Amino acid sequence: MQEKKIKVTTTSGFENVEIIEYLEPISAHIVVGMNIFKDFFGGITDIFGGNSSTYENTLASINQSVINQLRKKAYSTGANSVVGLKIDNDEIGAKGKSMMMVTATGTAVIAKFPEKSLELEKDKKLNNISNETFEILYQRKKYIDKSLNNTLRVNGEFWSFVKKHKVGELADFVVEHFEKSALELQDFQLETLNKLKNHTIEYYTSIDYNIAVESLYKKLNSDLNLKVRNHISEIIIKSNLIDYDKILNLIENSDFLTQKNGIQICSNNKINYDSTDIHKIQKIANFIDSNFKERGEKTTKKKMLSSKEIDIWICECGKENNGFDEICSKCKNDIFGFNENDTKPKELSIVLNDKIEILGKILK
């Protein structure tokens, strides 16, 4: 039996289903960065307005993740179901960092379901469809077809439909539309751009996680305008699509701007962590420690009207700076090529090693 077919219920059993054997109590844990919730309440002025769906999707994703972990535990015991599901939240802290542990508990059981009940239910769904469902499927197909022949118009009706019905097939279209619009909009149209960005974020938090990750990181790995590149990074961060495999791919890219995007994305917390993340985080930390070197050049020059030499460094933009200046007076980058507002590689390395230590103590 596949793990995803493990049936889960909060009750002590299933209607008209015999419990053959109670195997054992099981539990699953994930760790959530508390900053996710702070970001929501700090940046959303109207939590009950348009952005509330993003918040709800995040909470739903957290709960679904821990339930899926519980399904895996049940499968490993030989069970086909879990009864008595309960989800608890506990705040934990280490090194001044606050996180939340989400725990799902239940009892792994072997239940005797009516033979072929799932297949019969599936056949019934395929052979009987309401007019409302048909209209949704029809509209979905129209949007997808129009996106393929470049006739799809993006408006309020479009955003409402694709977010509500989680139309993941349009993931690449949405990011392409955002890129094109961001390039066309002028500086005085910032409000329009932010509105589009919010729609885009809400869309990507509504669709399947893997589809969203694949679409956005693929775009970020392509040749992009700097302005668009930073917007896409922000969309990934605010959509809570922190994926360590994809981040490693970014920072291993030969393009420095792509590497910088990977650093900034990695400085944010995931919605949840599991034990496999520890090794991935370690790989990223090791790469950062070994590969981010000074891009400017440290040297000396003779002081004016004196034979005494003074320390200087030459930024990659060509500007000479005093040796004690940490930021280039022209481009505002440091000798490593990072802006004063950016998370620096050394700073991220410290954060990642703290994260490894914390997760190593909590997760098996």
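A residue counts as buried when its relative accessible area is under 20%, as exposed when over 50%, and as partly exposed in between. The model described here is predicted. By that cut-off Cys315 is buried, because its relative accessible area is 5%. Cys331 has a relative accessible area of 27%, so this residue is partly exposed.

These two cysteines do not bond. A disulfide needs cysteine sulfur atoms within 2.5 Å. The sulfur of Cys315 has its closest cysteine sulfur in Cys331, 3.4 Å away, which is too far for a bond. Cys331 is therefore in no disulfide. Across the whole structure, the search finds 0 disulfides.

Next, the interior. In soluble globular proteins, nonpolar side chains tend to be buried together. Here the largest nonpolar core has 58 residues. Tyr203, Tyr204, Ile232 and Ile284 have the most contacts inside it. Helix H12, residues 276–291, gives the most to this core, with 6 residues. Beyond its neighbours up to four places away in sequence, Ile284 touches Tyr244, Ile247, Leu248, Ile251, Cys266 and Leu352.

Now follow helix H9, residues 226–238. Its 13 residues reach 18 Å from first C-alpha to last, close to the 18 Å expected. At its start, a side-chain oxygen of Asn225 comes to within 2.8 Å of the backbone nitrogen of Lys227. The buried residues of H9 are Val228, Arg229, His231, Ile232, Ser233, Ile235 and Ile236. Their cover includes helices H6 (171–184), H7 (190–206), H8 (209–220) and H11 (256–266). Just after H9, Asn240 takes a positive phi of about 55 degrees.

Technical notes: Residues numbered from 1 in each chain as written. Predicted model: local features only at pLDDT ≥ 70, side-chain atom pairs only at ≥ 80, totals over all residues. Heavy atoms only, no water. Core = buried A, V, L, I, M, F, W, Y, C linked by side-chain atoms within 4.5 Å. Buried < 20%, exposed > 50% of the residue type's maximum accessible area, 1.4 Å probe, protein only. Helix = DSSP H or I, 4+ residues; strand = E, 2+ residues; numbered from the N terminus. Contact = heavy atoms within 4.5 Å. Expected span 1.5 Å × (residues − 1). Polar contact = N/O pair within 3.5 Å; in protein donor to acceptor, adjacent residues only side chain to side chain.
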